Amino acid sequence: MQSIQTALETKLAQLDGEIMTIDQMSQTVVSRRPESKVPGKPDERYMVHTYSTNPESYGSLFWGCYDLSPAQAMESLIEKIQKETKTGRQDTDENYLPLGDDLVIFKPAEFYATPDTMQDMTNYLTNFSGGESIAAYTCAYMMYNWCAKMSNPETRGEI
């Protein structure tokens, strides 16, 4: 299957548009049409689209027309991202479930073992050496830091 960027580029080419930015969490893309096709509208107009990642309609764009300024398009994108971080998408709530302003429950990834303590995780990571060790520690603690941010109401908005 092609990347979502390639799928969106293909769909936007039909509209004479090009991708400016993609936010995969809110499934939103901001696109630009360099030349207006609407009389009386200035050139270089922007649109905010939502898109599908469903295999049957992969890369399909939903709603909009090229009538936004760059500032309006970015404001609309920020609103969508903020809404997404507050509510979570209905079709992805198996990863985490927002339960209020101060509590988030994460569902474990059942394929992977879950250490009982931080020391157990550290003991497991010490089994790696060289570049594998660096990659293992980096990935483990990046996810640890993300979970720490996500579970803290004061830093959750930064995600």
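Q: How many aromatic pairs does this predicted model contain?
A: The count comes to 3 aromatic pairs.

Q: Why is the pair of Tyr 137 and Tyr 141 called stacked?
A: The ring centres of Tyr 137 and Tyr 141 are 6.3 Å apart, and a pair requires centres within 6.5 Å. The planes meet at 10°, and planes under 30 degrees apart count as stacked. The pair is therefore stacked.

Q: What makes the separation of Tyr 137 and Tyr 141 about one helical turn?
A: Tyr 137 and Tyr 141 are 4 residues apart in helix H4, which covers residues 130-151.

Q: Why is Tyr 137 called partly exposed?
A: Tyr 137 has a relative accessibility of 27%. Buried means under 20% and exposed means over 50%, so a value in between is partly exposed.

Q: How do you know that Tyr 141 is partly exposed?
A: The relative accessible area of Tyr 141 is 26%, which lies between the cut-offs of 20% and 50%.

Q: What makes the pair of Tyr 141 and Tyr 144 edge-to-face?
A: The distance from centre to centre is 6.0 Å, within the 6.5 Å limit. The angle between the planes is 65°, and over 60 degrees counts as edge-to-face. Both residues lie in helix H4, 3 residues apart.

Q: Why does Tyr 144 count as partly exposed?
A: Tyr 144 has 41% relative accessibility, so it falls between 20% and 50%.

Q: What links Tyr 137, Tyr 141 and Tyr 144 into a cluster?
A: Ring pairs link these three tyrosines.

Terms used: Residues numbered from 1 in each chain as written. Predicted model: local features only at pLDDT ≥ 70, side-chain atom pairs only at ≥ 80, totals over all residues. Heavy atoms only, no water. Helix = DSSP H or I, 4+ residues; strand = E, 2+ residues; numbered from the N terminus. Buried < 20%, exposed > 50% of the residue type's maximum accessible area, 1.4 Å probe, protein only.
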